[in-house]
Amino acid sequence: MVSPAQPAAAMAAFARMVKGQVRNYSAPLDMAIPASKQKYIPSSGSYPKGFLVSGTHVGVKASNTKFPDLALISSETPCSAAAVFTTNKFQAAPVQVSKKTLQSRQGQGIRSVVINSGCANAVTGKGGLEDAVNMGRKVDECNGLREPSTLVMSTGVIGQRLPISKILDKIPTAHANLASTHDAWLTTARAICTTDTFPKLLSRTFTLPSSPGRTYSLAGMTKGAGMIHPNMATLLGVLCTDAPIDPSALHSLLKHAVSRSFNSISVDGDTSTNDTVAILANGAAGGAPISSPASDDYTAMQDILTSFAQSLSQLVVRDGEGATKFVTVRVQNSPHYESARLIASTIARSPLVKTALYGRDANWGRILCAIGYTQGVAPGTVVPERTSVSFKPVDGSPVLKLLVNGEPEQVDEERASVILQEEDLEIVVDLGGGEKGEQGLGGEEAVYWFCDFSHEYVTINGDYRT
């Protein structure tokens with residue numbers, strides 16, 4: 001005999017199951033972009049000359065029956081290239097293969113980047129390495145090249161082999177569909193998404209001091225929403241420019257930019273196995289090559305690339321899994337930049353800080369605690385009697401002081417609640433100068449960008465593989 005409670009329990013279980021399939025905090029099953037994220041999607045772009053892109057459906061994951069999951073970025077001419085890779089000791093096969101390709105080519109003669117989503121090809125042994133090599137080789141064949149000239153990236157679940165035959169069969173299709181339109185760039189950016197709720201694509205134009213009348217373009221796409229913390233994160237990025245830059249200069253420019261952008265963000269403090277940010281420069285817009293760090297062009301390009309990378313990387317934080325807040329933490333008046341950066345990073349990774357922000361609780365004690373336990377900070381950097389903490393609203397209204405020179409303020413909890421209801425927030429930590437260091441007395445500043453921790457983050461990562 002069935003008791004009245006049994007059907008009710010069964011219906012409740014079914015309702016929970018259905019509810020679990022509707023994730024308002026992550027990519028919807030139909031890949032529709034949430035209304036709150038539509039503002040981050042560019043409706044047009046200014047893309048670099050000589051670059052062609054495509055996004056193609058392969059079905060790397062069996063559940064993906066129609067959405068693009070293979071991205072191809074290709075230059076019509078050979079490029080200078082550079083990349084920054086994950087520091088995780090379990091480096092995925094595509095990371096190892098791309099490193100080898102760049103080293104063997106000495107950053108020259110790179111033509112393409114091929115990326116699959118749906119499977120990370122990480123911790124897959126010799127077979128995984130062969131798969132990554134074969135992906136690059138197939139693209140090279142389509143380009144009519146014999147030497148390895150393609151960088152390979154993968155993203156998705158760790159520990160599973162790629163359906164390599166399906167991918168190799170579709171690479172010629174991806175090559176045939178290469179185009180330079182805005183729609184092609186946007187489709188390509190979508191093809192590298194996993195739990196992202198929106199494709200992350202930016203472009204801009206710029207000039208250089210040596211050629212003020214010449215217009216250059218810079219475009220970039222990235223992906224990432226979880227397992228995000230440098231160095232680096234489950235994060236892939238490809239930047240392309242038609243400016244002429246020598247390989248050695250390109251590497252130093254990228255390294256500087258990444259340290260202040262992709263390596264200054266955090267979603268959950270986890271560093272992945274696949275992280276790669278690469279840049280290709282084909283020089284198609286002409287002009288004198290950038291080579292010397294002492295040149296005005298190099299200095300200008302460093303500022304342009306760093307600013308661009310910061311804007312692009314911040315989109316990753318805005319799409320953090322389950323995130324409801326975009327938080328900037330600014331640590332200022334430190335005797336050393338690296339100490340300020342370590343403190344900012346520690347605050348950004350603190351689960352207690354992140355959960356307090358999600359709960360809209362102005363619990364500055366958690367921020368102070370994170371400052372105090374930061375490892376590796378130079379002696380004399382953190383002095384309690386000189387340390388101040390405040391919330392800076394994004395609307396331009398006065399800062400809300402929480403701690404001033406080690407003394408707690410009488411916090412207006414009602415105003416704090418209003419500030420914490422906003423999506424964007426800035427936390428300012430003033431170290432008050434510290435002791436005189438190699439770079440002088442105080443004055444150094446580091447910035448980090450991170451998001452809060454919500455119930456939804458736990459849910460999405462509790463059943464990620466299913």
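1. Phe90 counts as exposed, because its relative accessibility is 57%; here buried means under 20% relative accessible area, exposed over 50%, and partly exposed in between (1.4 Å probe, protein chains only). Phe90 sits in the loop between β2 (70-85) and α2 (93-105). Helices (H or I, at least four residues) and strands (E, at least two) are DSSP runs, numbered from the N terminus.

2. The model is predicted, so that local features need pLDDT of at least 70 and side-chain atom pairs count only at pLDDT 80 or more, while totals for chains, interfaces and linings use all residues. Residues are numbered from 1 along each chain as its sequence is written, and side-chain values use heavy atoms, with hydrogens and water left out.

3. Together with Val123 and Ile158, Phe90 makes a nonpolar surface patch of about 300 Å². Patches consist of residues with over 30% relative accessible area and no salt bridge; like charges are joined within 9 Å, and nonpolar side chains (Val, Leu, Ile, Met, Phe, Trp, Tyr) within 5 Å. Accessible areas come from the Shrake-Rupley method with a 1.4 Å probe, and for residues only the protein chains shown count as cover.

4. Nine salt bridges are found in a search of the whole structure. The criterion is a side-chain nitrogen of Lys or Arg within 4 Å of a carboxyl oxygen of Asp or Glu. A network of such bridges links Lys37, Asp196, Lys200 and Asp319.

5. Arg318 takes part in a salt bridge with Glu423, with the closest N and O atoms 3.7 Å apart. Arg318 belongs to helix α7 (residues 296-318) and Glu423 to the loop between α11 (413-420) and β14 (424-430), so the pair ties together parts that are 105 residues apart in sequence. Arg318 counts as buried, at 17% relative accessibility, whereas Glu423 is partly exposed, with a relative accessible area of 33%.

6. Arg318 also forms a salt bridge with Asp424, where the closest N and O atoms are 2.8 Å apart. This pair links distant parts of the chain, from Arg318 in helix α7 to Asp424 in strand β14, 106 residues apart. Asp424 is partly exposed, its relative accessible area being 22%.

7. Arg330 lies in strand β10 (residues 326-334) and Glu426 in strand β14, distant parts of the chain that are 96 residues apart. Glu426 is buried, with a relative accessible area of 11%, while Arg330 counts as partly exposed at 22% relative accessibility.
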